[in-house]
4 protein chains.
Amino acid sequence: MDNSLGTIFRITSFGESHGELVGIIIDGVPAGLLLDLDFIQSELNKRKPAQSHLVTSRNEEDKLKVLSGVFNNRTTGAPVCLIIENKDIDSSYYEKYKNYLKPSHADYSAQMKYGGFSDYRGSGRLSGRITAGFVMAGAVAKQILEKYDIFIFAYTKSIGNIRDDEVYSLNEIENLTKLREKSPSRAINPEKAIQMEESIKEVKNQNDSIGGTVKCVVTNFPEGKGGPVFNSIESNISRAVFAIPAIKGIEFGAGFRSSKMKGSEHNDPWILKDGKIQTSKNDAGGIIGGISTGMPIEFTVAVKPTASIGILQKTIDIKNRKDVEIEFSGRHDPCIVPRIVSVIEAMTANVLLDCLLVEGYIPRILKVG
Amino acid sequence: MDNSLGTIFRITSFGESHGELVGIIIDGVPAGLLLDLDFIQSELNKRKPAQSHLVTSRNEEDKLKVLSGVFNNRTTGAPVCLIIENKDIDSSYYEKYKNYLKPSHADYSAQMKYGGFSDYRGSGRLSGRITAGFVMAGAVAKQILEKYDIFIFAYTKSIGNIRDDEVYSLNEIENLTKLREKSPSRAINPEKAIQMEESIKEVKNQNDSIGGTVKCVVTNFPEGKGGPVFNSIESNISRAVFAIPAIKGIEFGAGFRSSKMKGSEHNDPWILKDGKIQTSKNDAGGIIGGISTGMPIEFTVAVKPTASIGILQKTIDIKNRKDVEIEFSGRHDPCIVPRIVSVIEAMTANVLLDCLLVEGYIPRILKVG
Amino acid sequence: MDNSLGTIFRITSFGESHGELVGIIIDGVPAGLLLDLDFIQSELNKRKPAQSHLVTSRNEEDKLKVLSGVFNNRTTGAPVCLIIENKDIDSSYYEKYKNYLKPSHADYSAQMKYGGFSDYRGSGRLSGRITAGFVMAGAVAKQILEKYDIFIFAYTKSIGNIRDDEVYSLNEIENLTKLREKSPSRAINPEKAIQMEESIKEVKNQNDSIGGTVKCVVTNFPEGKGGPVFNSIESNISRAVFAIPAIKGIEFGAGFRSSKMKGSEHNDPWILKDGKIQTSKNDAGGIIGGISTGMPIEFTVAVKPTASIGILQKTIDIKNRKDVEIEFSGRHDPCIVPRIVSVIEAMTANVLLDCLLVEGYIPRILKVG
Amino acid sequence: MDNSLGTIFRITSFGESHGELVGIIIDGVPAGLLLDLDFIQSELNKRKPAQSHLVTSRNEEDKLKVLSGVFNNRTTGAPVCLIIENKDIDSSYYEKYKNYLKPSHADYSAQMKYGGFSDYRGSGRLSGRITAGFVMAGAVAKQILEKYDIFIFAYTKSIGNIRDDEVYSLNEIENLTKLREKSPSRAINPEKAIQMEESIKEVKNQNDSIGGTVKCVVTNFPEGKGGPVFNSIESNISRAVFAIPAIKGIEFGAGFRSSKMKGSEHNDPWILKDGKIQTSKNDAGGIIGGISTGMPIEFTVAVKPTASIGILQKTIDIKNRKDVEIEFSGRHDPCIVPRIVSVIEAMTANVLLDCLLVEGYIPRILKVG
């Protein structure tokens, strides 16, 4: 239960940071999909370590392997198992400091939950590396959603105090993607992207880290899907997104901003535009009553700064129950935001495909060309 | 699935705003609980309409009825069914304007989802009135949690731009509750409470509405509960909270603020205090890696302004597909925040009790005095 | 979890034998169904007590009430809550003997599970009366399945040693139903029906009881539904059927008989008949690999004799831990088989409709005339 | 959903007969278990092909590999992934006859379900080889159950018409195991074991196959576990058992025999024996009202004869829609019953451990020596 998500398109996550591998089982993949392995690999590459100077230097190839569920290059309807192996493992730091509670790391809570038996090497099961599995599943989901003209696009909206509040036209998703891929910060606005990059370099030089926000937009998602009460689209997206380490907040549409608004400001009149029923501005983020309105689904998540920093910190030794000092010397990301962008897209794809399968909107056997 | 939540302590919501009743089935209630019906009624009263000049005038008694699962005043382990009846129903407004898409209401998305067959009277199944069921279940959950010294406390943190950012000492939960109950705004700080009340009155006089935020704190929740990845406490609380109409955002601990911080600012050293392992400041909101740290669980939700306002708005008639104007003349809340406070507490109780039953921390048969 | 079943068409059972009511919540009912309440009532009447001299004399009207989910006589897509009230309650026997463990009754196991807090009156939550809820849900499911020409038919196959092993032509389901309704034994063959009736009367006169078997056949169920491994049609039907008190066995197609066969006898060649792919004899009961073959789904269940008998039996007093004698003087069925026939049909309908909704074969909004 | 089972101890099956591997993910394994890999391998060996002259000659080593969830030889609380690789693959027969519908095989139903995209080689996902995953998980579950003195024992009760109806004393489980392992038929009674072996050899020589039954007994399972209504022990065991290919029936305790009995014969008086509350004979198979009574849990399953036989059979070519003849020349078991014995034990262990975790009877962290 802890490691499975979804009703029909159901993903089950397994593996550890310094174990043999990280993997995902995807149950309920519609049969007949001609699986584009290069696309899955390219999605993996976007969250891969050591891809730029802004991220951890752990040198993993993250090479996709398909272990089940595919025959003659097509999905069979059986569970699809996808993995990447762990190759560049160095657990020395974790062994040395295994009794030191790293500030804002999950060591302590994990030790309490698992009675001291959890794998502490590289944060084990609680490592951000686990999200590679989410990305592999998401890349499968995306391939299916795109056949229904549903596109998911996320980008870095802010790093520290540098924010990009522009609202982008959703018709140019291809162009936006190109802009985003130009910058290791995964921001769109070229000027802001450079500022964000500088900002990350600065904290890196200080052996420090920094947080940020990621915005995600989904276009062409059909209206009338999801629903009250516990299966709302917000419920399902938020549940999935909080499975990603470092996420500490989520807001849909105007979100926290709406808490300061009057109804007369926030309300969004329905209009007829191009023969379609739409709203004027989409402060609801494409979801009212937990159900899609046909407008773009929009949400933003808050990412906390990486807990691993190379600055001397006070903490305690849990075994000897005494005060100690610790300085993280393992490899880590000064800012995890750019790598989280593709994880957010992936989890959104996983949730929304499941929703459309449950609704019967996407069939269990794909009609393929 | 849509209307059930939880693994062991599993609630199933039913009923409509202008139907016969609103109810909740609670499966998995531990056997042997001496059920305090007065307490459940008092919790219901806190979210009840017409309790003050700040909320809707719909005059419902919201009288609790127990239909199953209780014998000799104790829970039996069988499903507990709790209901309130709908008495003060006036559907005339909804009948008259059933083809008008009310701005920022769920009419359109519901019509699309249910093919036009949904009950539109008083928003039917999408009404905030449904949350009375959540509150009844939450009041049962709270009674059990309190036997384990776990307390849940929520309050109005902001109305529009009036904010109370004070961090309250959690030892005084009783005192805080008294302060909160003094004000129909459900704020704690007496001065701010009055400002918030004024603010709501002002929009009410303008036939407008206003949003706000609610903060929730849980004390004495044991460490090492919840867990990666999809069953994180954040995942489960957020999923439950987004089932409440009008919630558009949630953040845990420092939340969105953490996105602007450096690791050196955000990191929270572990300390030994009173022989217990704690953190210095709790920016994590009591949860790291999806697992409880033993520090208070803290989160804040954003509530959008009520969509029903008495101001003339443009919109469309879906049947005749033409532009129309609408002015809401039904009964409604100028600000739903004060009533949502008790719903947030309830949903938190429902989720956390379920977590502790799944963990085996709370037994299936209560040892009772 | 204990009291809910199904993925999309999800039923949640509540109520007790001597409590206020017995009810069912049905989530996931497709929107737009013109609900035939008379049909649901007629299904209830088939399992109702006191309908003939063969069954218990508890005189319950079992009058259907609809509490939610229906508007303008159609299902809205919201949870449908259906109940019957308990009126003719006499708990005196149960109060008097509450410490006596009735042989082959669930008192002891329930007391152990619920720590002595379960409602023992009329077996409380463990009473066969709970199945009235299954029947109400099944009657809704049947109405939908019949729109897709899927029919479910069960009948009494044996009472004690009197067996009807004839294989009935499925084209005459209407005729078979008429034959079945003629006899209070719910058997089809008129001669056997009389023998079975006599057999039940005989044990009734002896204050004893008797068991039997029920066969169920489903026609026109589409091929290629269900599936490996844990969601097999056999898995789902058996899980549902074992929720009915008194069922102790189930077999699909040739079932236990197949364990004595050679492959060359059991194997069922595929043939082309009327342009359709079929099998020659259907020993598989319409299911191979957990997936429907398009042939009729067929299974038989074993029903144990009613545990309540008016004959003096030895047992123990659990409170005083001593040997005692007990003679059941409450009202009971000398043979529960005839009343279980409609419960089996209902549970089969609940499971198969859910399967077809999950497969996307039946839509979430019914296209209605 | 299709490939996952359980609430806390949740298994997810993946892999195919002629793909790379067959595997299982086990979520919810209690932390701290010193995993005995030799024991898992020995359980695998009991269902392994080519272990005797009575079973298929496919020569697989079925060597266990642990891919995740174990650290320092102990379970960590993270998902445990166990696999075996497929080595001795010969798909030529399946490629040659891929359009021939093999009688009583799942080809047709699978093709219909998956639109022709399923992996047909060696029956792909519908092969009995998938049950190796069930056995690996079951071997983990057994190690935990045995720490609580709960033992599961299954054996061949009949092959064709040769039956062993003796009721074995449960105190001698060790001795019974030794007896069982002596015979490739997995029967206990030495004389019957030889008869069964002869019987299988006979059909093998005829290129035919034969069915049988397997009985399973669980000792020391605590009373008061499981429960009404949909989570009954019978519901959960039957659901799990029908995931095993070739199972066509299940009965608990007296099962189908009880359908012929009177209440006065079937009823099972409660007695005090050795200070413990027990029943006299256990016709209920240790379960009343879906809840364990503390008596041994007993059930029997019917296994159909292997569909693959080397005798010429008529059938059709689905592509060319014409009558054809087929003679199975692949490797197959003349009787699958002996190999199913260990699969039944495994699935029972998986279900019962999950039940005890949900009940909170077994903790999430094992207290280990």
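The following legends describe close-up views of a predicted model.

Local features require pLDDT of at least 70 and side-chain atom pairs count only at pLDDT 80 or more, while totals for chains, interfaces and linings use all residues. Residues are numbered from 1 along each chain as its sequence is written, chains are lettered from A and ligands numbered from 1 in the order in which they are written, and side-chain values use heavy atoms, with hydrogens and water left out.

**View 1. Packing of helices α7 and α10 in chain C.** Helix α7 (residues 233–241) and helix α10 (residues 337–358) of chain C have axes that come within 9 Å and cross at roughly 135 degrees. Helices (H or I, at least four residues) and strands (E, at least two) are DSSP runs, numbered from the N terminus; axes are lines fitted to C-alpha atoms, for helices over the stretch in contact, and angles run from 0 to 180 degrees between N-to-C directions. α7(C) and α10(C) are therefore oblique to each other (angles under 35 degrees count as roughly parallel, over 145 as roughly antiparallel, 65 to 115 as roughly perpendicular and the rest as oblique). From α7(C), the residues I233(C), N236(C), I237(C), A240(C) and V241(C) meet I344(C), M347(C), T348(C), V351(C) and L352(C) of α10(C), contact meaning heavy atoms within 4.5 Å. The contact of α7(C) with α10(C) comprises 8 nonpolar, 2 polar and no charged residues (Ala, Val, Leu, Ile, Met, Phe, Trp, Tyr, Cys and Pro count as nonpolar, Asp, Glu, Lys and Arg as charged, and the others, Gly among them, as polar).

**View 2. Packing of helices α4 and α9 in chain A.** The axes of α4(A) and helix α9 (residues 337–358) of chain A lie 7 Å apart, at an angle of about 50 degrees. α4(A) and α9(A) are therefore oblique to each other. Among the residues that meet are F134(A), A141(A) and L145(A) in α4(A) and A346(A), N350(A) and L353(A) in α9(A). By class, 12 nonpolar, 4 polar and 2 charged residues make up the contact of α4(A) with α9(A).

View 3. Over all chains, the structure holds 46 aromatic pairs (rings of Phe, Tyr and Trp, the last by its six-membered ring, pair if their centres lie within 6.5 Å; planes under 30 degrees apart count as stacked, over 60 as edge-to-face and the rest as tilted). Y120(A) and F71(D) form an edge-to-face pair, 5.2 Å centre to centre with 85 degrees between the planes. With 8% relative accessibility, F71(D) counts as buried (under 20% relative accessible area, with exposed over 50% and partly exposed in between; 1.4 Å probe, protein chains only). F252(A) and F242(B) likewise form an edge-to-face pair, at 5.2 Å centre to centre and 85 degrees between the planes. F252(A) belongs to strand β11 (residues 247–252) of chain A, and F242(B) to the loop between α7 (233–241) and β11 (247–252) of chain B. Both F252(A) and F242(B) are buried.

**View 4. Surroundings of L5(D).** L5(D) lies in strand β1 (residues 4–5) of chain D and, at 8% relative accessibility, counts as buried. Apart from neighbours within four places in sequence, L5(D) contacts F230(C), R10(D), I11(D), R239(D), A240(D), M347(D) and V351(D).

**View 5. Surroundings of Q278(C).** Strand β13 (residues 276–279) of chain C contains Q278(C), which counts as buried at 15% relative accessibility. Excluding residues up to four places away in sequence, Q278(C) touches P269(C), W270(C), I271(C), K273(C) and M295(C).
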